[in-house]
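Trainee: I'd like to go through some of the labels we put on this structure. Can you set each one against its cut-off for me?

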Amino acid sequence: MRKFILVGLVTLLAGLTFIFLGCAARVVYVQPPEPRVEVYGPPPYPEAVWIPGHWAYRGGEWVWIPGHWEKRPRPTAVWVPGHWKPKGRGWVWVPGHWEYR
(Lines give C-alpha, C1' and ligand atoms only; values in the text may rest on other atoms or scores of the structure.)
Protein backbone atom coordinates (compact mmCIF):
# COMPACT_ATOMS: atom_id res chain seq x y z
CA MET A 1 0.00 0.00 0.00
CA ARG A 2 2.82 2.43 0.89
CA LYS A 3 4.58 1.70 -2.40
CA PHE A 4 1.35 2.39 -4.31
CA ILE A 5 0.90 5.77 -2.56
CA LEU A 6 4.55 6.71 -3.13
CA VAL A 7 4.35 5.85 -6.85
CA GLY A 8 1.13 7.86 -7.11
CA LEU A 9 2.69 10.91 -5.45
CA VAL A 10 5.79 10.75 -7.66
CA THR A 11 3.61 10.45 -10.77
CA LEU A 12 1.48 13.39 -9.66
CA LEU A 13 4.55 15.52 -8.94
CA ALA A 14 6.06 14.67 -12.33
CA GLY A 15 2.81 15.57 -14.07
CA LEU A 16 2.51 18.90 -12.27
CA THR A 17 6.13 19.72 -13.07
CA PHE A 18 5.53 18.96 -16.76
CA ILE A 19 2.40 21.15 -16.81
CA PHE A 20 4.16 24.02 -15.03
CA LEU A 21 7.24 23.93 -17.27
CA GLY A 22 5.11 23.59 -20.38
CA CYS A 23 3.12 26.71 -19.48
CA ALA A 24 6.17 28.70 -18.40
CA ALA A 25 8.12 28.20 -21.61
CA ARG A 26 5.47 28.29 -24.34
CA VAL A 27 7.14 28.74 -27.73
CA VAL A 28 5.45 31.02 -30.26
CA TYR A 29 6.35 30.44 -33.91
CA VAL A 30 5.48 33.94 -35.16
CA GLN A 31 8.07 36.67 -34.60
CA PRO A 32 6.82 39.40 -32.23
CA PRO A 33 6.39 42.93 -33.60
CA GLU A 34 8.85 45.68 -32.67
CA PRO A 35 8.12 47.20 -29.24
CA ARG A 36 5.96 50.33 -29.24
CA VAL A 37 7.36 53.65 -28.08
CA GLU A 38 5.50 54.64 -24.94
CA VAL A 39 5.37 58.22 -23.71
CA TYR A 40 4.92 58.64 -19.98
CA GLY A 41 5.14 61.56 -17.60
CA PRO A 42 6.90 61.96 -14.29
CA PRO A 43 6.45 59.25 -11.65
CA PRO A 44 3.32 59.62 -9.53
CA TYR A 45 5.36 59.08 -6.32
CA PRO A 46 9.09 58.85 -5.47
CA GLU A 47 9.28 55.02 -5.27
CA ALA A 48 7.57 54.52 -8.65
CA VAL A 49 9.40 52.73 -11.46
CA TRP A 50 8.16 52.61 -15.06
CA ILE A 51 7.52 49.02 -16.18
CA PRO A 52 7.56 49.10 -20.00
CA GLY A 53 4.83 47.54 -22.10
CA HIS A 54 5.32 44.42 -24.20
CA TRP A 55 3.69 42.26 -26.83
CA ALA A 56 1.80 39.14 -25.73
CA TYR A 57 0.63 36.36 -28.07
CA ARG A 58 -2.98 35.61 -27.17
CA GLY A 59 -5.65 33.85 -29.15
CA GLY A 60 -3.46 33.61 -32.25
CA GLU A 61 -2.64 37.31 -32.44
CA TRP A 62 -0.26 39.86 -30.93
CA VAL A 63 -1.73 42.11 -28.23
CA TRP A 64 0.06 45.12 -26.73
CA ILE A 65 0.21 45.10 -22.91
CA PRO A 66 0.73 48.76 -21.93
CA GLY A 67 3.41 49.86 -19.49
CA HIS A 68 2.57 51.03 -15.99
CA TRP A 69 4.07 52.53 -12.84
CA GLU A 70 4.93 50.14 -10.04
CA LYS A 71 6.22 50.68 -6.53
CA ARG A 72 9.84 49.62 -6.07
CA PRO A 73 9.73 46.72 -3.55
CA ARG A 74 13.07 47.70 -1.96
CA PRO A 75 15.18 50.87 -2.25
CA THR A 76 17.93 49.04 -4.19
CA ALA A 77 15.61 47.03 -6.48
CA VAL A 78 16.12 47.39 -10.23
CA TRP A 79 13.53 46.35 -12.84
CA VAL A 80 14.84 44.01 -15.55
CA PRO A 81 12.37 44.28 -18.47
CA GLY A 82 10.82 41.18 -20.00
CA HIS A 83 11.75 40.33 -23.56
CA TRP A 84 11.12 37.86 -26.37
CA LYS A 85 14.04 35.52 -26.99
CA PRO A 86 14.57 33.31 -30.04
CA LYS A 87 14.28 29.61 -29.20
CA GLY A 88 14.67 26.94 -31.85
CA ARG A 89 12.41 27.97 -34.73
CA GLY A 90 10.24 30.19 -32.53
CA TRP A 91 10.19 32.73 -29.72
CA VAL A 92 9.75 32.42 -25.95
CA TRP A 93 8.78 35.17 -23.48
CA VAL A 94 11.25 35.84 -20.66
CA PRO A 95 9.22 37.71 -17.98
CA GLY A 96 10.43 40.94 -16.43
CA HIS A 97 11.49 40.78 -12.80
CA TRP A 98 13.02 42.73 -9.92
CA GLU A 99 16.70 42.29 -9.15
CA TYR A 100 17.93 43.19 -5.69
CA ARG A 101 21.36 44.76 -5.52
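Trainee: What does E99 touch, not counting residues up to four places away in sequence?

Mentor: T76, A77, V78 and V80. Keep in mind that this is a predicted model. E99 sits in strand β9, residues 97-100.

Trainee: Why is E99 called partly exposed?

Mentor: Its relative accessibility is 31%. Buried needs under 20% and exposed needs over 50%, so at 31% E99 counts as partly exposed.

Trainee: And what makes R101 exposed?

Mentor: R101 has a relative accessible area of 64%. The cut-off is over 50%, so R101 passes as exposed.

Trainee: How do you know that E99 and R101 meet in a salt bridge?

Mentor: Their side chains come to 3.0 Å, N to O. The limit for an Arg nitrogen and a Glu carboxyl oxygen is 4 Å, so the pair qualifies. A search of the whole structure finds one salt bridge.

Trainee: Which residues make up the largest nonpolar core?

Mentor: Six in all: V28, W55, W62, W64, W84 and W91. Apart from that core lies another, of five residues, among them V49, A77, W79 and W98.

Technical notes:
Residues are numbered from 1 along each chain as its sequence is written. This is a predicted model: local features need pLDDT of at least 70, side-chain atom pairs count only at pLDDT 80 or more; totals for chains, interfaces and linings use all residues. Side-chain values use heavy atoms; hydrogens and water are left out. Buried means under 20% relative accessible area, exposed over 50%, partly exposed in between (1.4 Å probe, protein chains only). A nonpolar core is a set of buried Ala, Val, Leu, Ile, Met, Phe, Trp, Tyr and Cys residues joined through side-chain atoms within 4.5 Å. Helices (H or I, at least four residues) and strands (E, at least two) are DSSP runs, numbered from the N terminus. Contact means heavy atoms within 4.5 Å.
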